[in-house]
Amino acid sequence: MAKWGEGDPRWIVEERPDAHNVNNWHWSEKDATNWSIKEIKRLLVNVTTRDEKIGDCYISSIKSCKGEATINNRKKKIICFYEFEVTAAWKGSLAGSSMVYEGEIFIPNLSEEQEPEDLDIQVSFKKDQRVCQELKELMRVKGSEKIRDKLSAFAENLRKDCAATLQVPTKDSAKSSNGNKGKNVATNVKQQLNVVPSKPAAGPNVVGAKIRTHKLVQIVQFKTEVPELYKTLVEQPRISAWSRSDVKSNAQVNQEFAFFGGNVTGTYTQMEENSKIVMRWRQKTWPAAHYSTATLTFAKHEDGTELKLEQTGVPENSVEATKSGWHQYYWNPIKHTFGFGTDLVGVF
């Protein structure tokens with residue numbers, strides 16, 4: 001496994017039509033948030049459920065879709081990360097009646113970690129809305145099945161359609177372009193312009209340089225009890241096991257830590273056992289002396305533990321890499337090493 005913040009010495013060079021990302025081996029990424037929100041709206045709006053004896057109902061609009069999505073290419077594999085909270089409005093009428101009932105659908109955790117059949121889909125009426133239990137059950141049972149089918153299609157479309165511009169053509173694929181090599185290369189180069197490349201750190205890499213920063217929020221579920229997950233993140237033998245690297249860590253307030261051979265360093269600033277960990281946290285490649293603040297909060301969940309990461313002060317040009325890094329180097333290895341859940345296909 002390549003260390004966080006370092007390259008892989010196995011990368012090779014070959015003649016390429018676009019002169020970069022040989023064999024699609026390099027890590028590349030694309031912000032798919034806007035595309036995903038539009039696709040979710042396209043798939044869900046006007047989804048209709050009908051029963052001849054009861055009536056029919058349909059999703060009339062998407063009231064909100066909050067979250068983020070990222071597509072990554074690593075070692076020729078497409079890896080998708082997404083997490084959304086979706087609120088939709090629905091309407092329905094009983095058979096033979098012109099009265100229209102209006103309700104709400106809430107999907108609290110649409111993410112790559114959830115199988116479509118496991119999605120929590122909540123159907124309700126607001127306090128000021130007329131209530132019709134027959135239509136509510138129709139939407140809750142049959143309507144939810146259709147919603148799950150549509151969101152399954154969203155995951156597939158995200159991987160195939162939105163990710164189409166992320167992997168660049170190899171030398172062999174360029175040879176099989178049926179005489180349209182020039183045209184295809186031009187098209188692929190144009191498509192690549194839609195992928196935001198990594199940029200150098202804003203300003204000189206010296207103390208005092210002014211840089212723009214962003215905030216990250218991630219919510220991850222682990223199939224273990226809160227004390228077990230807490231110990232996994234603070235005890236040095238466990239950290240060494242899931243990080244597969246040299247670790248310097250004495251998890252106490254004001255004590256420093258160094259993970260992944262020094263590529264991630266920082267200081268513990270607040271420790272509340274089985275509740276919260278706050279750290280000054282930085283990557284080796286960030287501007288000198290610049291630290292973010294990473295806060296981990298633990299909450300008991302019906303299937304185990306829900307961990308929330310809130311990280312402020314992440315350099316603007318490192319947001320996507322940092323976001324992916326938490327999954328690739330923290331959450332998935334922890335699940336894989338201790339059996340706290342299922343890791344993502346293609347991460348290792």
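How many salt bridges does the structure hold? The structure, a predicted model, holds 15 salt bridges.

View 1. Glu39 counts as buried because its relative accessibility is 9%. Arg42, at 54% relative accessibility, counts as exposed.

**View 2. Glu228 and Arg238 form a salt bridge between two helices.** Their closest N and O atoms lie 3.2 Å apart. Glu228 is in helix α5 (residues 226-234) and Arg238 is in helix α6 (residues 236-243), so this pair ties together parts that are ten residues apart in sequence. Glu228 has a relative accessible area of 28% and is therefore partly exposed. Arg238 has a relative accessible area of 19%, so this residue is buried. The pair is part of a network of salt bridges that links Glu228, Lys231, Glu235 and Arg238.

View 3. Are Lys323 and Glu320 buried or exposed? Both residues are buried.

**View 4. Cys57 and Cys65 are two buried cysteines.** A disulfide is a covalent bond between the sulfur atoms of two cysteines. The cut-off for a disulfide is a pair of cysteine sulfur atoms within 2.5 Å. By this rule the structure has zero disulfides. The cysteine sulfur nearest to that of Cys57 belongs to Cys132 and is 9.3 Å away, and Cys57 is in no disulfide. Cys57 counts as buried because its relative accessibility is 0%. Cys65 is also buried, with a relative accessible area of 12%.

**View 5. Strand β11 pairs with β10 and with β12.** Strand β11 spans residues 276-283 and is mostly covered, six of its eight residues being buried. Strand β10 (residues 264-272) pairs with β11 in the antiparallel sense over eight bridges. In this pairing, Gly266 stands opposite Trp281 of β11. The hairpin of β10 and β11 has three residues between the strands, and in this hairpin Asn274 takes a positive phi near 60 degrees. Strand β12 (residues 292-301) also pairs with β11 in the antiparallel sense, over six bridges. Here Arg280 has Thr293 in β12 as its bridge partner.

**View 6. The largest pocket holds about 1300 Å³ of space.** This pocket is lined by 46 residues, and those closest to its centre are Ser111, Glu112, Glu113, Gln114 and Glu115. Among the elements that give two or more residues to the lining are β3 (55-74), β5 (101-111), α2 (133-160), β7 (213-222) and β13 (304-315). Strand β4 (77-94) is also one of these elements, and six residues from β4 make up the largest share of the lining. By class, the lining has 18 charged, 16 nonpolar and twelve polar residues.

Technical notes:
Residues are numbered from 1 along each chain as its sequence is written. This is a predicted model: local features need pLDDT of at least 70, side-chain atom pairs count only at pLDDT 80 or more; totals for chains, interfaces and linings use all residues. Side-chain values use heavy atoms; hydrogens and water are left out. Buried means under 20% relative accessible area, exposed over 50%, partly exposed in between (1.4 Å probe, protein chains only). A salt bridge is a side-chain nitrogen of Lys or Arg within 4 Å of a carboxyl oxygen of Asp or Glu. Helices (H or I, at least four residues) and strands (E, at least two) are DSSP runs, numbered from the N terminus. Two strands pair if DSSP finds at least two bridges between them. On a 1 Å grid over the protein atoms alone, a cavity is a set of points where a 1.4 Å probe fits but cannot get out, and a pocket is an open set with protein on both sides within 12 Å along at least five of seven lines; lining residues have an atom within 4 Å of a point. Grid points are joined across faces, edges and corners, and a volume is the space filled by probe spheres set on the points. Ala, Val, Leu, Ile, Met, Phe, Trp, Tyr, Cys and Pro count as nonpolar, Asp, Glu, Lys and Arg as charged, and the others, Gly among them, as polar.
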